[in-house]
Amino acid sequence: LPAMRDGTVHVALNPEKSLLSLASGDRVHIFNMALREKILTTQLEHVVKRVETCFFGQQIAVRTDYGCLSLYALG
């Protein structure tokens, strides 16, 4: 697993429970649960300390402590 910041980790599963997002600091890591491998890492914008994620179709929605909401394509 990637290095995580203390107290600022957010985890989310997609509805099918096949993808896991692990967000910490200014990065989100996406894992394929069936293959048990990381499929994507992306740097997030507008993050100070806290980030929350959720899956939205073939995208991941990210809300930061700045109040920004962004969508990132999964592939």
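What follows is a short briefing, grouped by topic.

This is a predicted model, where local features need pLDDT of at least 70, side-chain atom pairs count only at pLDDT 80 or more, and totals for chains, interfaces and linings use all residues. Residues are numbered from 1 along each chain as its sequence is written, and side-chain values use heavy atoms, with hydrogens and water left out.

A few ground rules on secondary structure first. Strands (E, at least two residues) are DSSP runs, numbered from the N terminus. Two strands pair if DSSP finds at least two bridges between them.

- Strand S1 (residues 9-13) runs antiparallel to S2, and 5 bridges join the two.
- Within that pair, Val11 sits opposite Leu22 in S2.
- S1 and S2 make a hairpin with 5 residues between them, and Lys17 in the turn has a positive phi of about 60°.
- S2 also pairs with S3 in the antiparallel sense, over 6 bridges, and Ala23 stands opposite Val28 in S3.

**The three-stranded sheet**

- Another open sheet has 3 strands in the order S5-S6-S7, and its pairing is antiparallel.
- Its edges are S5 and strand S7 (69-73); each has a single partner strand, so one side of each is left without a neighbour in the sheet.
- Neighbouring strands in this sheet are turned by 25° against each other on average, direction ignored.
- S6 and S7 pair in the antiparallel sense over 5 bridges, with Arg63 opposite Leu69 in S7.

**The nonpolar core**

- In general, nonpolar side chains tend to be buried together in soluble globular proteins.
- The largest nonpolar core here has 13 residues, and those with the most contacts inside it are Val28, Ile30, Leu44, Phe55, Ile60, Val62 and Leu74.
- Strand S2 (19-24), strand S3 (27-32), strand S5 (51-56) and strand S6 (59-64) are the elements that each give two or more residues to this core.
- For the cut-offs, a nonpolar core is a set of buried Ala, Val, Leu, Ile, Met, Phe, Trp, Tyr and Cys residues joined through side-chain atoms within 4.5 Å; buried means under 20% relative accessible area, exposed over 50%, and partly exposed in between (1.4 Å probe, protein chains only).
- Leaving aside neighbours within four places in sequence, Ile30 has contacts (heavy atoms within 4.5 Å) with residues including Leu19, Ser21, Ile39, Phe55, Ile60 and Leu74.

**Ser21, a buried polar residue**

- Where does Ser21 sit? Ser21 lies in strand S2.
- Ser21 is buried, with a relative accessible area of 0%.
- Its side chain makes a polar contact with the side chain of Thr53 at 2.8 Å. Such a contact is a pair of N or O atoms within 3.5 Å; within protein, one must be able to donate a hydrogen and the other to accept it, and residues adjacent in sequence count only if both atoms are side-chain atoms.
- Not counting residues up to four places away in sequence, Ser21 touches, among others, His10, Val11, Val28, Ile30, Phe55 and Ile60.

**Salt bridges**

- How many salt bridges does the structure hold? There are 2 salt bridges, each a side-chain nitrogen of Lys or Arg within 4 Å of a carboxyl oxygen of Asp or Glu.
- Glu52 meets Arg50 in one of them, at 3.1 Å, N to O.
- Glu52 is partly exposed at 28% relative accessible area, and Arg50 is partly exposed at 47%.
- Arg63 also forms a salt bridge with Glu52, with the closest N and O atoms 2.5 Å apart.
- Arg63 is in strand S6 and Glu52 in strand S5, so this pair ties together parts 11 residues apart in sequence.
- Arg63 is partly exposed too, with a relative accessible area of 45%.
- Shared partners join Arg50, Glu52 and Arg63 into one salt-bridge network.

**Cys68**

- Cys68 is in the loop between S6 and S7 and is partly exposed, at 26% relative accessible area.
- Cys68 and Cys54 are 14 residues apart in sequence and 14 Å apart in space, C-alpha to C-alpha.
- Setting aside neighbours within four places in sequence, Cys68 is in contact with His46, Val62 and Arg63.

Conventions: Helices (H or I, at least four residues) and strands (E, at least two) are DSSP runs, numbered from the N terminus. Axes are lines fitted to C-alpha atoms, for helices over the stretch in contact, and angles run from 0 to 180 degrees between N-to-C directions.
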